[in-house]
Amino acid sequence: MKNKSLIIILITLLTTLCIGLIIFMIGMINGSFHMPNLFHITTSNQLIIDETYPSIAQITIDETASDIHIYSTDKKQCRVVVYGDKDYTNIDMKNKQLSIISKPKQSFFFNNSSDKIDIYLPKDYKDKINITNNYGDIKIENFKYSQLDIDNDFGDISIEEASQAKIKESTGDINIGNIKNINVENNFGDTEIENITGELVIEADCGNINIDRININKNSKIKCDLGDVKIHSTNEIYIDAKVDLGDVHINNNYRHSNTTLNIEVDSGDITIKN
């Protein structure tokens, strides 16, 4: 009898839960119910700094949450504009080295605001840019001579042009224009590159890899656990492609080339339209 009573109680609870869930879903569809926005994040409009410097030799940004945009300009001077909470942000300029570091806030994901960093640099800027960001998008314009080191936990990364780039992305898409040497680790998200002219190393856990043009002169590697790899144009290189689950299509392959591109995919297709 006790077991029978327990079963009846469980059935009643599950039935009530199912009915409540159905009513909730109908209400959400009709617009009657609204989920509280516990994770709402806005961009801060509180100006911390707007300064102009004759030159900057190196940039280091270490942010908890920030949208970062580095502009390429025709001006020789450098301008730094930062919005955020001055109590949690430290900005320092010593020996032409710019440092922007934010301290983590308590209960960040509950109706907090993210910082906003805008940096304007001469288009011929040649020095290193280091960025570590937990949350936010990163956009970098044309800097064909610069070196980039980016570590982003959550957010998209966009680079128009650079000489070298080392990128670690946990969750987000990566979009790159022209690059000479590129090293990418992307855990979850797509990676798109327009043009590579030197060396590439790309590792992706889950996400597609799409490259328009490759003209490499050093042995390179692409590894993808789950996703498709597509390359639309290559120079005369040997492509050593391996797939565990999927198809391989290579239009032209040059076995006697001194340069080899290794491509390994666990689950997905490899398509080379060269």
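Biologist: Is Arg79 buried, partly exposed or exposed, and at what relative accessibility?

Modeller: Arg79 counts as partly exposed, at 34% relative accessibility. Buried means under 20% relative accessible area, exposed over 50%, and partly exposed in between (1.4 Å probe, protein chains only). The model is predicted, so local features need pLDDT of at least 70 and side-chain atom pairs count only at pLDDT 80 or more, while totals for chains, interfaces and linings use all residues. Residues are numbered from 1 along each chain as its sequence is written, and side-chain values use heavy atoms, with hydrogens and water left out.

The side chain of Arg79 meets that of Asp50 in a salt bridge, at 2.9 Å from N to O; the term denotes a side-chain nitrogen of Lys or Arg within 4 Å of a carboxyl oxygen of Asp or Glu. This pair links distant parts of the chain, 29 residues apart: Arg79 belongs to strand E4 (residues 78-83) and Asp50 to strand E2 (residues 47-53). Strands (E, at least two residues) are DSSP runs, numbered from the N terminus. Asp50 is likewise partly exposed, at 38% relative accessibility.

The structure holds five salt bridges. One of them joins the side chains of Lys116 and Asp118 at 2.5 Å, N to O. There, Lys116 is partly exposed, with a relative accessible area of 29%, whereas Asp118 is buried, at 6%. Another salt bridge brings together the side chains of Lys223 and Asp225 at 3.0 Å, N to O. Lys223 is partly exposed, at 26% relative accessible area, and Asp225 is partly exposed, at 25%.

Definitions and conventions: Helix = DSSP H or I, 4+ residues; strand = E, 2+ residues; numbered from the N terminus.
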